[in-house]
Amino acid sequence: MTGNEPPHQGISLAPQATRQETGDAAFALYQALDEAGLGEIRPVLDDERDVPKIKLHGIDADAATRLGRLVRKGMDEIYVLAEELRCALLAHGLDRFPEPQVCGAKIALGQVSIRTADRLACALGARPGPELDESPDWPESNDVFDKLNAALKATDVGVFVDMWLHSYCRRCEGDSAIELGSIKVDVARRFVKALQDAPRP
């Protein structure tokens with residue numbers, strides 16, 4: 001990298017970027033760090049291998065701390081959104097729903113019991129069913145899975161949420177549960193709005 005290449009802005013990189021693309025990306029990163037007061041961190045091109053990489057030089061403890069703060073500040077929005085989702089769930093009495101966790105640029109929802117999944121489905125507008133046992137059998141668990149899936153899709157959220165049904169395991173005596181995958185920021189916003197707009201108990 002010579003330092004006078006133009007930054008690559010708004011480009012779509014191939015799965016394996018070229019040396020030029022990688023160099024441009026390194027320079028763009030340097031410019032961003034410099035504008036943020038972290039010019040002592042120098043991204044440099046390392047092309048001594050088959051796939052060119054970017055290495056960061058000049059990182060001492062102080063620079064690393066400031067870089068960490070900068071990254072976290074850039075993620076403030078997603079942390080706020082995760083908290084809004086947590087509050088929206090609690091407002092519907094879903095206190096056993098796991099606390100939404102920020103994971104990269106997504107929010108991880110986690111694993112919920114069948115009864116919690118049923119309550120979430122009802123909070124999103126599904127018709128209440130009969131009271132469930134503490135450890136529902138397969139038919140009831142599968143019904144709740146379908147019910148929650150339909151409720152999420154009705155709110156324009158479900159098509160973006162991966163779901164898995166874990167049935168009761170006699171070997172480990174683990175209760176049936178539904179695992180919800182991670183969702184992107186825009187999906188999380190729709191999820192929060194759906195819960196906020198839904199009638200509360």
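Is histidine 92 buried or exposed? In this predicted model, histidine 92 has a relative accessible area of 5%, which is under the 20% cut-off, so the residue counts as buried.

## Histidine 92 and its surroundings

Histidine 92 sits in the loop that runs between helix 3 (76-91) and strand 3 (101-103). Setting aside neighbours within four places in sequence, its contacts are Arg119, Ala123, Leu195, Ala198, Pro199, Arg200 and Pro201.

Histidine 92 also belongs to the lining of the second largest pocket. That links this loop residue to the next topic but one.

## Overall fold

The protein chain has six helices and six strands. Along the sequence they follow the pattern α-β-β-α-α-β-β-α-α-β-β-α.

The chain counts 201 residues, and buried residues make up 34% of them. Among contacts with a separation of 6 or more, 52% join residues 24 or more positions apart.

## The largest pocket

The largest pocket has a volume of about 440 Å³. It is lined by 21 residues, and the closest to its centre are Ser113, Arg115, Thr116, Arg119 and Glu131. Two elements give two or more residues to this lining: strand 4 (106-113) and helix 4 (114-123). Helix 4 gives the most, with six residues.

What classes of residue make up the lining of the largest pocket? There are eight nonpolar, five polar and eight charged residues.

## The second largest pocket

The second largest pocket holds about 180 Å³ of space. Its lining consists of His92, Leu94, Arg119, Cys122, Ala123, Leu124, Gly125, Ala198, Pro199, Arg200 and Pro201. By class, seven of these are nonpolar, two polar and two charged.

## Nonpolar cores

The largest nonpolar core has 37 residues. Within it, the residues with the most contacts are Ile107, Leu109, Leu120, Ile178 and Phe191. Two or more residues come from each of helix 3, strand 4, helix 4, helix 5 (138-154), strand 6 (177-184) and helix 6 (185-197). Helix 6 gives the most to this core, with seven residues.

Which residues does phenylalanine 191 contact beyond its neighbours within four places in sequence? They are Leu85, Leu109, Leu120, Leu124, Leu152, Val157 and Ile183. Leu109 and Leu120 are themselves among the residues with the most contacts inside the core. A second, separate core has five residues, including Leu33, Leu38, Ala63 and Leu67.

## The aromatic pair

The structure holds one aromatic pair. It is formed by phenylalanine 27 and tyrosine 30.

Phenylalanine 27 is buried, with a relative accessible area of 9%. Tyrosine 30 is partly exposed, at 27% relative accessibility. The cut-off for buried is under 20% and for exposed over 50%, which is why tyrosine 30 falls in between.

Lysine 184 is found in strand 6. At 51% relative accessibility it is over the 50% cut-off, so lysine 184 counts as exposed. Not counting residues up to four places away in sequence, lysine 184 touches Ala105 and Lys106. Lysine 184 and alanine 105 are 79 residues apart in sequence, yet 6.8 Å apart in space, C-alpha to C-alpha.

Serine 141 lies in helix 5. Its relative accessible area is 0%, so serine 141 is buried. With residues up to four places away left out, serine 141 touches Ile114, Pro136, Leu165 and Ser176. Serine 141 and isoleucine 114 are 27 residues apart in sequence and 6.1 Å apart in space, C-alpha to C-alpha.

Technical notes: Residues are numbered from 1 along each chain as its sequence is written. This is a predicted model: local features need pLDDT of at least 70, side-chain atom pairs count only at pLDDT 80 or more; totals for chains, interfaces and linings use all residues. Side-chain values use heavy atoms; hydrogens and water are left out. On a 1 Å grid over the protein atoms alone, a cavity is a set of points where a 1.4 Å probe fits but cannot get out, and a pocket is an open set with protein on both sides within 12 Å along at least five of seven lines; lining residues have an atom within 4 Å of a point. Grid points are joined across faces, edges and corners, and a volume is the space filled by probe spheres set on the points. Helices (H or I, at least four residues) and strands (E, at least two) are DSSP runs, numbered from the N terminus. Ala, Val, Leu, Ile, Met, Phe, Trp, Tyr, Cys and Pro count as nonpolar, Asp, Glu, Lys and Arg as charged, and the others, Gly among them, as polar. Buried means under 20% relative accessible area, exposed over 50%, partly exposed in between (1.4 Å probe, protein chains only). Contact means heavy atoms within 4.5 Å. A nonpolar core is a set of buried Ala, Val, Leu, Ile, Met, Phe, Trp, Tyr and Cys residues joined through side-chain atoms within 4.5 Å. Rings of Phe, Tyr and Trp (its six-membered ring) pair if their centres lie within 6.5 Å; planes under 30 degrees apart count as stacked, over 60 as edge-to-face and the rest as tilted.
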